[in-house]
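Please keep the sequence and the model in view while reading.

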Amino acid sequence: MSSVPWFAPRVALSLKRTRVLTIASFLLPLLIWSAVSYLPFLWHPKVKIVEPGDVSYFKVDMLVDREVFDKETGKMEETGKLLPDGEPANPIYLPAPHEVAKAFVTSFTTEPRRRSEKWLHESLWHSITIIFWGFTLSSLIGVPLGVLCGTYAAVSRLNEPFVEFFRYLPAPAFGALAVAILGIHDGPKIAIIFIGTFFQQVLVISNTTRKLDIALLEAALTLGAKRLQLLFKVVIPGIIPDLYRDLRILLGWAWTYLIVAELIGTSSGITWFITQQARYKNFDNVFAAIMMIGIIGLLSDMILAKIGKHIFPWEKAANKA
Amino acid sequence: MTKIELPSYLEQSDEVKQRFDEIKQREVILEVKDLQKIFSTPKGDVTALKNINFKAHRREFVCVIGASGCGKSTLIRILAGLESASSGQVLLDGKPVSGPGPDRGMVFQGYTLFPWLTVKKNVMFGLRSQGMSYATAESEALQWIDLVGLEKFADAYPDQLSGGMKQRVAIARALANKPRILLMDEPYGALDAQTRCKMQSYLLQIWHNIDITVLFITHDLDEAIYLADRILVLKSHPGEVEEVIEVPVPRPRDVEQFITPEFLATRKRIDELIHPPSTEDDDDKLNMIRLTRVGDEVEP
C-alpha cells in the first residue's frame, strides 16, 4: 500500500486516498479562509475601534485603516489626550466562516425588508427556473441539430460556419435587444441563457457525434441498415453516453450566464439577492448566496452523474471489464 | 541440417483433385471481373487494385493473402460495397452489386459490435433492420448464438467479452442475415496466437455445418493454408492476383497437418510469392545493424 507513490502519471488512486483528497480539496480553502479570519497576526489590515478615546470622529465598532489608527494614536499621545483602543480586523468584504455559516441559515429565515421583495428561497427558485427554461429550449433545438451536423456533412456545412461565427458574439451583448423584443421580465433572461448555451452546444455535440467509430456505421450498413435506421439505431445510441456528459458540462456553462441574464431588465433571482445584500453591505449574505449557487451546481451535477450510471448499463459493463 | 525434399504444391492427391472438380461444378456465388481501383492522391493517381478476376463457388472457402499494403482490404471493402470500384464488376449470383447489403455478411478485424446492445441484440440487429418481428428475430438470434457457443452470454454486453468471444458474436451477427457470402477482413489479426488457432478451428466447424461461402483476408500463411480451398495471392503495387493456389491439403483439416509435406510445400510457394528472393538493397539494410556476439571475431 505505502509503496504506491502519490504521484504516478495516470495511475488511479486507492479509494481511501481518493476520499482523503476529496475532503482536503474543500478543507484546504476553508482552512486558509479560517486562518486569515481568526489569526489576528495574519493580514487584518483594519482596526475595529473598541474605545474611541479622544479622537473626535472615531466611534465604537468603526473600521479604520491601521495607518490612520496609528497616526491618530500618535497625535493623541503627543497632546496627552485619551488614547483610542481597537482590535485588528479584516475589511467588511471578508466575513469570517462562522458569520457566513450563520448568514447561510438566517438568510433563509429572515423576512425580506420590503413586502414586495422576495424571500431567498423564492429568489433561488426563480433562478433555477430561468436556467431550466433557457437550457431546455436550447437543448431541444441544439441537440438534434448537433447530432445532424455530426452525422451529415451537408447539414454541417450549412450550419456550422454560421454557428462558429455566432458563438464568438458575447451573449450579454444581446441583452438590450432581448429586452426590446421580449420585454423586461423572464423572456430576455431565458434568451441570454439560450444564446450563451445554444451555439456552443451545437458545436460540442456535432464534434461528439463525429467521434463515433465509423466502423460501427459500416458494420450496420453491411447488416442491411438503411438511412434513418443508421441515425436512430446506430448514431444516436452510439453517442448518447457522451452526449449526456456533454450536456452536464454545458449545464455548468449555462449557470455562468445566469448572473448576467438576471441583471437584464428587472433584476431578479439570486443575482437580485446578491446585489441587494451587497448594497446593504451584508457581505456574509453575499458569500452565502454565492456558495448556494456552487452547492446547487455541484449537487445537480452529482445527481445527473448518478442517473447516468443507471441509464447506460453498457458503460458500467465496460468499466468493470 | 539436411534438406527435406518437398513435393510440388501442384501435386494433388486423388481425393483433393476430386473435391476441386466437384467445387468447380457448383454454382458461382461471387464473381469479380476486371476489377480496378485507383486512388487519387495529391501526388497523383495510385493504382491499388488492377485486373482482379476470380470466382468463388458455393460453399467454397477462399483466402486472399498478400503483404500489408497490397490492397487486400480495399478489395474486400469493394466486395462489401463500402467502397466503389474504379472499373470492373462484382457479381453476386450473377447480379452486379452496388453498395452494401445484407446478402454479403462482413466480419471486421475490429469486432465492430454495438457496445450499447447485448450479444443477443447485436445478433438481432440485421434481422430487425430488415423488418423481422422481435420474437422471430430473437429466436433466430439465439440459434446463431448457440452455434457459436455463446448461449451463456446472450445477455452480456460486448465489453464484458474477450476478443475471441467478440469475434464469435460478430460472426453470428453476420450469419444471422443468411448472407450468400461471408466476407472476413483479417478477423483474427487482433487476437493472440492461441485464441487465433482456436478461432480458426471454430470457423472451419461452422463453415462445415452450414451452407456458406467464405472469402477470408489474411496476411498469415498458415492461417490461409489451414482454412482455404483456394488462395488468391496478391502482389503489391499495384495489387494484382499473382497466382491462385489450390491448397493440396485434404479435408477435414487439423492442426497436425501443419507439418505435412503438402502443407509445407504450399507454404514455401506462397512465401516465395509474397517475399520474393532478396534484391541487392536488402543486404544494404542489414548492414546498418552489425551484431557482434560474444566469441565472434570482430572485424578490424
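**Domains, sheet and interface**

The C-alpha centres of domain 1 of chain A and domain 3 of chain A lie 31 Å apart. The domain assignment of chain A places domain 1 at 1-38, domain 2 at 46-89 and domain 3 at 107-320; such bounds come from an automatic or database domain assignment.

This is a predicted model, in which local features need pLDDT of at least 70 and side-chain atom pairs count only at pLDDT 80 or more, while totals for chains, interfaces and linings use all residues. Residues are numbered from 1 along each chain as its sequence is written, and chains are lettered from A and ligands numbered from 1 in the order in which they are written. The pLDDT is the predictor's confidence in each residue, from 0 to 100. Chain B averages a pLDDT of 88, and 91% of its residues score at least 70. Where pLDDT is low, the predicted coordinates should not be read in detail. For the complex, the predictor gives an ipTM of 0.87 and a pTM of 0.83.

In chain B, 6 strands form an open sheet of mixed pairing, in the order β6-β7-β8-β3-β9-β10. Helices (H or I, at least four residues) and strands (E, at least two) are DSSP runs, numbered from the N terminus, and two strands pair if DSSP finds at least two bridges between them. Strands β6 (104-107) and β10 (240-246) of chain B stand at the edges with a single partner strand each, so one side of each is left without a neighbour in the sheet. From one strand to the next, the twist averages 20 degrees; the axes are lines fitted to C-alpha atoms, for helices over the stretch in contact, and angles run from 0 to 180 degrees between N-to-C directions.

Strand β3 (residues 61-65) of chain B has two parallel partners. It is joined to β8 (residues 213-218) of chain B by 5 bridges in the parallel sense, and F61(B) has V214(B) as its bridge partner there. With β9 (residues 230-235) of chain B, β3(B) pairs in the parallel sense over 4 bridges, and I65(B) stands opposite V233(B). Because 5 of the 5 residues of β3(B) are buried, the strand is largely enclosed by the rest of the structure. A residue is buried if 20 or more other C-beta atoms lie within 10 Å of its own, exposed if 12 or fewer, and partly exposed in between, with C-beta atoms placed from the backbone. F61(B), C63(B) and I65(B) cover one face, and V62(B) and V64(B) the other; all are buried.

How many residues of helix α1(B) are buried? The count is 0 among its 12 residues, and the helix is hardly covered. D14(B) lies in this helix, α1 (residues 14-25), and counts as exposed because it has 7 C-beta neighbours inside 10 Å. The C-alpha atoms of D14(B) and P250(B) are separated by 9.8 Å, although these residues are 236 residues apart along the chain.

Between the chains, 16 residues of chain A are in contact with 23 residues of chain B, contact meaning that the C-beta atoms, placed from the backbone, lie within 7 Å. On the chain A side, α8 (214-222), α9 (227-263) and α12 (313-320) give two or more residues, and α8(A) gives the most, with 6 residues.

Conventions
Contact = placed C-beta atoms within 7 Å.
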